[in-house]
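Please look over the sequence and the structure first.

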Amino acid sequence: KDYAASTLVKKNPCIKIIDLDIQYSEEVLLERLKQQNSHIFFENSQIKVVVIKKMVKFYMAIVECDGKTFGRYVNVGDGRLYIDTRACRSFQYVRVMRCFKRHDYRHTANHCTKEKVCGKCSSKDHETNECDSHVKKCINCKLTNYKHKMSLDLEYSVFDLKCPTYRHLLNNERSKICYTQSSK
């Protein structure tokens, strides 16, 4: 009697748009997406801008949408979204929270209380940007092996998209997304 059951409210899917040549306001970006990509974004599409950020040369944006709109994006789209005169590359975005101090997951560097670890070779003697080692070792798979008595390969950096620990967390995050209808 001390417990309350609840159902998991799934998140809406997100689309990452790269190669934006200028920084758009949220309103202008949404207006252009709907006007120039009407085969994907209908008038009743539930979309909102999550972030617009300057990268090295161009800007990128993350747009959250309802499951029905995302389905059209996947089935009808060609991986490009048209904004003004540009055909911007786009793809599904699933956030896996990562600490860039220790390079493990589920927290950020701001909240990390552990010591720094190199993301390439797992050394505690230097930072990732100072690494000149030819040996790669994934700290996350090393910890997973220790914690769960597994024998995962370690010969890759924490940034390798084939890392089994990362793939597991990515699939876990994908399972929390509603791809069919609006989750709100």
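Which pattern does the protein chain follow when read along the sequence? The pattern is β-α-β-β-α-β-β-α-α.

## Basis

The model is predicted: local features need pLDDT of at least 70 and side-chain atom pairs pLDDT 80 or more, while totals for chains, interfaces and linings use all residues. Residues are numbered from 1 along each chain as its sequence is written, and side-chain values use heavy atoms, without hydrogens and water.

## Overall make-up

The protein chain has 4 helices and 5 strands; helices (H or I, at least four residues) and strands (E, at least two) are DSSP runs numbered from the N terminus. Of its 184 residues, 40% are buried, meaning under 20% relative accessible area with a 1.4 Å probe, counting protein chains only.

## The sheet

The 5 strands form an open antiparallel sheet in the order β2-β3-β1-β5-β4; two strands pair if DSSP finds at least two bridges between them. β2 and β4 stand at the edges with a single partner strand each, so one side of each has no neighbour in the sheet.

β4 and β5 run antiparallel and are joined by 4 bridges. Isoleucine 83 stands opposite arginine 86 in β5.

## Helix α2

Helix α2 covers residues 67–76, and its buried residues are Gly67, Thr69, Phe70, Arg72 and Tyr73. The elements that cover these buried residues include β1 (14–20), β2 (47–54), β3 (59–65), β4 (80–83) and β5 (86–93).

At the start of α2, a side-chain oxygen of aspartate 66 comes within 3.2 Å of the backbone nitrogen of lysine 68.

Methods
Buried < 20%, exposed > 50% of the residue type's maximum accessible area, 1.4 Å probe, protein only. Contact = heavy atoms within 4.5 Å. Polar contact = N/O pair within 3.5 Å; in protein donor to acceptor, adjacent residues only side chain to side chain.
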